[in-house]
Amino acid sequence: MSKFRMKPIVVEAEQWFPGKDIDGVIPENYLTEIGGPMVALALTPNGHEQVLPGDWVIMGINGERYVCKHNLFEKIFEPVNE
């Protein structure tokens, strides 16, 4: 199998926590289970996706939104100093 490397691109992203407004994220204000975390919904190319506290909402290169778990985000992305 051939190997490929992702092209380096710069994306905008914000980490979501309850009470934080992020464009494209709809707060749902309900508990997933008794005592469970607050959740929100993000409209992604795959439909509405659940956003949990600490998840990152990434704006793609065409303005679309994606949800990424914090531990995966740290493995893929690094801060850019502009």
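At 35% relative accessibility, K20 counts as partly exposed, a class that lies between buried, under 20% relative accessible area, and exposed, over 50% (1.4 Å probe, protein chains only). The side chain of K20 meets that of E14 in a salt bridge, with 3.6 Å from N to O, where the term denotes a side-chain nitrogen of Lys or Arg within 4 Å of a carboxyl oxygen of Asp or Glu. E14 is likewise partly exposed, its relative accessible area being 35%.

The model is predicted, and local features need pLDDT of at least 70, side-chain atom pairs count only at pLDDT 80 or more, and totals for chains, interfaces and linings use all residues. Residues are numbered from 1 along each chain as its sequence is written, and side-chain values use heavy atoms, with hydrogens and water left out.

Searching the whole structure gives three salt bridges. Another of them joins D23 to R65, whose closest N and O atoms are 3.1 Å apart. Because D23 lies in the loop between strand 1 and strand 2 (25-31) while R65 belongs to strand 6 (residues 65-68), this pair ties together parts that are 42 residues apart in sequence; helices (H or I, at least four residues) and strands (E, at least two) are DSSP runs, numbered from the N terminus. D23 is exposed, at a relative accessible area of 60%, whereas R65 counts as buried at 12% relative accessibility.

K69 and D55 also form a salt bridge, with 2.9 Å between the closest N and O atoms. This pair links distant parts of the chain, 14 residues apart, since K69 sits in the loop between strand 6 and helix 1 (70-76) and D55 in the loop between strand 4 (47-51) and strand 5 (56-59). K69 is partly exposed, with a relative accessible area of 37%, and D55 counts as buried at 3% relative accessibility.

D55 is also among the contacts of W16 (heavy atoms within 4.5 Å). Leaving aside neighbours within four places in sequence, W16 touches residues including I22, V25, A40 and V51. W16 and those four belong to the largest nonpolar core, which has eight residues and also holds A42, V57 and V67; such a core is a set of buried Ala, Val, Leu, Ile, Met, Phe, Trp, Tyr and Cys residues joined through side-chain atoms within 4.5 Å.

M6 is placed in the segment before strand 1 (12-15), and M6 is exposed, with a relative accessible area of 69%.
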